[in-house]
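Colleague: I have a model open and some questions about it. Can we go through it piece by piece?

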Amino acid sequence: MAWKIDNKKCLKCGACVSVCPFLALELTSKGIKINKEKCKLCGICEKVCPVKAITVDKND
Ligand code: SF4
Ligand code: SF4
């Protein structure tokens with residue numbers, strides 16, 4: 001699974017949660033949580049994150 005988040009960078013703004021077309025992300029008190037079964041590694045969340053906290057690598 002090549003979806004990674006750097007929780008130290010994350011601002012908990014929720015932008016990635018709003019844009020995920022597959023509803024794979026959730027904002028919790030501990031930060032962003034991913035549902036790995038729903039994520040298609042499309043990379044949209046990575047593009048919208050203002051602090052580049054998410055990295056998506058399809059080839060990983
Ligand atoms: S890579 Fe795509 S499917 Fe996966 S969490 Fe990000 S926006 Fe959602
Ligand atoms: S868009 Fe980036 S900073 Fe905002 S909640 Fe998602 S990972 Fe955190």
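Modeller: Start with strand E2 (residues 25-28), which is joined to E3 by four bridges, the two running antiparallel. Strands count as paired if DSSP finds at least two bridges between them. Strands (E, at least two residues) and helices (H or I, at least four) are DSSP runs, numbered from the N terminus. This is a predicted model, in which local features need pLDDT of at least 70, side-chain atom pairs count only at pLDDT 80 or more, and totals for chains, interfaces and linings use all residues. Residues are numbered from 1 along each chain as its sequence is written, while chains are lettered from A and ligands numbered from 1 in the order in which they are written.

Colleague: What joins E2 to E3?

Modeller: A hairpin, through two residues. Thr-28 stands opposite Gly-31 in E3, and Leu-27 has Ile-32 as its bridge partner there.

Colleague: And the chain as a whole, how many helices and strands?

Modeller: Two helices and four strands. Along the sequence the order is β-α-β-β-α-β.

Colleague: How does the radius of gyration compare with that of a compact globule?

Modeller: It agrees: the chain has 10 Å, and a compact globule with 60 residues would have a value near 10 Å. That radius is taken over C-alpha atoms, and the globule rule is 2.2 Å times the number of residues to the power 0.38. The C-alpha atoms fill a box of roughly 25 × 20 × 15 Å along the principal axes.

Colleague: What share of the residues is buried?

Modeller: 17% of the 60 residues. Buried means that 20 or more other C-beta atoms lie within 10 Å of the residue's own, exposed means 12 or fewer, and partly exposed is in between, with C-beta atoms placed from the backbone.

Colleague: Which residues make up the largest nonpolar core?

Modeller: Nine residues: Cys-16, Cys-20, Ala-24, Leu-25, Ile-32, Cys-45, Cys-49, Ala-53 and Ile-54. Such a core is a set of buried Ala, Val, Leu, Ile, Met, Phe, Trp, Tyr and Cys residues joined through C-beta atoms within 7 Å.

Colleague: What does Cys-20 touch?

Modeller: Leaving out residues up to four places away in sequence, Cys-20 touches Leu-25, Ile-44 and Cys-45. A contact means C-beta atoms, placed from the backbone, within 7 Å.

Colleague: Now the ligands. Which residues are closest to ligand 1?

Modeller: Cys-20, Cys-39, Cys-42, Ile-44 and Cys-45, out of 14 that surround it. To be near, a residue needs its C-beta atom, placed from the backbone, within 6 Å of the molecule.

Colleague: And which come nearest to ligand 2?

Modeller: Of 14 residues around ligand 2, the nearest are Cys-10, Cys-13, Ala-15, Cys-16 and Cys-49. The shell of ligand 2 divides into twelve nonpolar, one polar and one charged. Ala, Val, Leu, Ile, Met, Phe, Trp, Tyr, Cys and Pro count as nonpolar, Asp, Glu, Lys and Arg as charged, and the others, Gly among them, as polar.

Colleague: How does the shell of ligand 1 divide?

Modeller: Twelve nonpolar, one polar and one charged.

Colleague: Switching to the backbone, what is the phi of Lys-52?

Modeller: About 55°, positive although Lys-52 is not a glycine. Most residues other than glycine have a negative phi. Lys-52 lies in the loop between H2 and strand E4 (54-56).

Colleague: Is Lys-52 buried or exposed?

Modeller: Exposed, because Lys-52 has 10 other C-beta atoms within 10 Å. Leu-41 also has a positive phi, near 55°, and is found in the loop between E3 and H2. Leu-41 counts as partly exposed, with 16 C-beta neighbours inside 10 Å.

Note on methods: Contact = placed C-beta atoms within 7 Å.
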